[in-house]
Amino acid sequence: MPPHAKLVGLVAFVLFVVSVPPAARLALVGLLLVAVAVLLSTRVPLRHLLPRLAVELPFVVFALLLPFVAVGPQVALGPFTVSQNGLEAAVALLLKGTTGVVVAVAFAVTTAPRDLVRALQHLRVPDTLVTIAGFMVRYVDVVGDQMRRMRVARDSRGFSSRSVRAWPPLAASTGALFIRSFERGERVHLAMVSRGWSGRMPVTEPLSATSSQWALALAPAAVAAVVSVGVRLG
Amino acid sequence: MSVPVLDVRGVAYAYPGGHQALFGVDLHVHPGERVALLGPNGAGKTTLVLHLNGILTPGAGSVTVSGLPVTGDNLLEVRRRVGIVFQDPDDQLFMPTVRDDVAFGPANLGLRGAELDARVVEALSAVGVADLADRAPHHLSFGQRRRVAIATVLAMRPEILVLDEPSSNLDPASRRELAAILRSLDVTVLMVTHDLPYAVELCERSVVLSEGTVVADGATREVLGDATLMARHRLELPVGFSI
């Protein structure tokens, strides 16, 4: 499926899910199932998917804490007494958060970073942002490698970063890394200008999607829209 | 004699900080020549290279590429004609795939579709890496990246290929393979290098730049055979190497 259609479908779906009132738990469970269905339809093996779903963990921890720290009427939950408002908020947060993460993972595992950049460009996201995103994709490894080499060189001279006294050298190498990256940025710019760059990334392979591809991409969002409106009216 | 591909006349340049890097450089390169630009560190070689496609503008003097003066109006055409391959391929290759990167230059010139694809294949084949088109640059070996960097410039069908230290960081096999590729290309070459054996191997003519001026210009073997000249300008052949 063309990446721009997927991206629009993803954003629209998430927005509609967020717009569902938190009290409509059944509807939210239904939408979570839609998201899981989308994820399963990618046919990517579960062992690849599960580690990626772990990005949700901080939200889960927050949601689990919420019933204990929120104020308001208290209810009994097993051996604990928890805040009712907090409990409801936690359930809604978990359901919406998981739904969002599940579809985002479905998008991420089926879209190469390069296609994401092309989709953003096709959707008229400002060129500067697209260019920055493209550079990030390209240079995250280069800067990461450089950081690793600097760490190896540091550690080879007997450095260990166990105590607070290690912070000044760490700060200095972070600064050096920043300056090297900045200088690399200047050299990359020179090389781009030398090849006739004039401020805009050329679109070499325009994206296009058929109406049936659009329909498929927007189907989950349409379901979420109907649910969101239905819950509010009914 | 033919119109020189590269005609540098009296170019002088001082960096904004006041450091004067070039003091009136004259350099002519004719079609089909392979010329080595030699000189110690800090001689102004890179500064000179950045004048060739108008990234730096000379404080005095002029640069002409196949009869076209390097001025603001002609910059795009000048940058098509003068292809600079920078020393670190990671600076040159910034797109997510090799194919996109090689297409970047010709796309800036307005090429699209089948013509652009053909140009990409042609350039990658010329350096023998057509099979790498869909790989990401950071997954390639250093030697492969150097070759792809050359392809990104060849894709613009330059009249002169300017290489900044093409043999640096290459293992001996990659270095030899690159020499064979450079010899097989039908393009004028200006090669900036410290690798004197490489200059002997590839370039019939050498120009020595030292402290911002041209101090020698002649057949590579004669220039490198002049022991006093070499010593005066901190140029040394590797131990055990003789011409």
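In which helix is the place of V11(A)? V11(A) sits in helix α1 of chain A, residues 3-19. Please keep in mind throughout that this is a predicted model.

Is V11(A) buried or exposed, or something in between? V11(A) has 15 C-beta neighbours inside 10 Å, so it counts as partly exposed. A residue needs 20 or more such neighbours to be called buried, and 12 or fewer to be called exposed. In sequence, V11(A) and A221(A) are 210 residues apart, yet their C-alpha atoms are 8.4 Å apart in space.

Domain 1 of chain A is given as two segments, 3-111 and 206-233, while domain 2 covers 119-194. The C-alpha centres of these two domains of chain A lie 34 Å apart.

Now chain A as a whole. Its secondary structure comes to 9 helices and 2 strands. Along the sequence the pattern reads α-α-α-α-β-β-α-α-α-α-α. For 234 residues the globule rule gives 17 Å, but the radius of gyration of chain A is 23 Å, well over that value, so chain A is more spread out than a compact globule. The C-alpha trace of chain A spans about 60 × 55 × 30 Å along its principal axes. Buried residues make up 24% of the 234 residues in chain A. Of the contacts in chain A with a separation of 6 or more, 74% are between residues 24 or more positions apart.

The strands of chain A are quickly described. Strand β1(A), residues 74-77, and strand β2(A), residues 80-83, pair in the antiparallel sense over 4 bridges.

On to chain B. How many helices and strands are there in chain B? Chain B has 10 helices and 10 strands. The radius of gyration of chain B is 18 Å, and a compact globule with 243 residues would have a value near 18 Å, so the two agree. Along the principal axes, the C-alpha trace of chain B spans about 55 × 45 × 40 Å. Of the 243 residues in chain B, 49% are buried. Residues 24 or more positions apart account for 65% of the contacts in chain B with a separation of 6 or more.

Next, the sheet. As a reminder, strands of a sheet pair through backbone hydrogen bonds, either parallel or antiparallel. In chain B, 6 strands form an open sheet in the order β6-β7-β8-β3-β9-β10, with mixed pairing. The edge strands are β6(B), residues 82-85, and β10(B), residues 213-219, and each of them pairs on one side only. Ignoring direction, neighbouring strands of this sheet are turned by 20° against each other on average.

In β7(B), I160(B) is the bridge partner of V82(B). Helix α1 of chain B, residues 45-52, packs on the sheet and touches β3, β6, β7, β8 and β9 of chain B. The direction of α1(B) makes about 150° with that of β7(B).

One residue of chain B is worth a look. Where does L124(B) lie? L124(B) is in helix α5 of chain B, residues 113-126. With 24 other C-beta atoms within 10 Å, L124(B) is buried, because the cut-off is 20 or more. Not counting residues up to four places away in sequence, L124(B) touches V102(B), V129(B), A130(B), A133(B) and A151(B). The C-alpha atoms of L124(B) and V98(B) are separated by 9.2 Å, and these residues are 26 apart along the chain.

Last, the interface. Here 23 residues of chain A are in contact with 27 residues of chain B. Which elements of chain A give two or more residues to the side that touches chain B? They are α6 (113-122), α7 (127-156) and α8 (167-194) of chain A. The largest share, 8 residues, comes from α8(A). By type, the residues on that side of chain A divide into 12 nonpolar, 5 polar and 6 charged.

That is where I will stop.

Technical notes. Residues numbered from 1 in each chain as written. Chains lettered and ligands numbered in written order. Predicted model: local features only at pLDDT ≥ 70, side-chain atom pairs only at ≥ 80, totals over all residues. Domains from an automatic or database assignment. Contact = placed C-beta atoms within 7 Å. Nonpolar A, V, L, I, M, F, W, Y, C, P; charged D, E, K, R; others polar. Pairing = 2+ DSSP bridges. Axes fitted to C-alpha atoms, helices over the stretch in contact; angles between N-to-C directions. Rg over C-alpha atoms; globule rule 2.2 N^0.38 Å.
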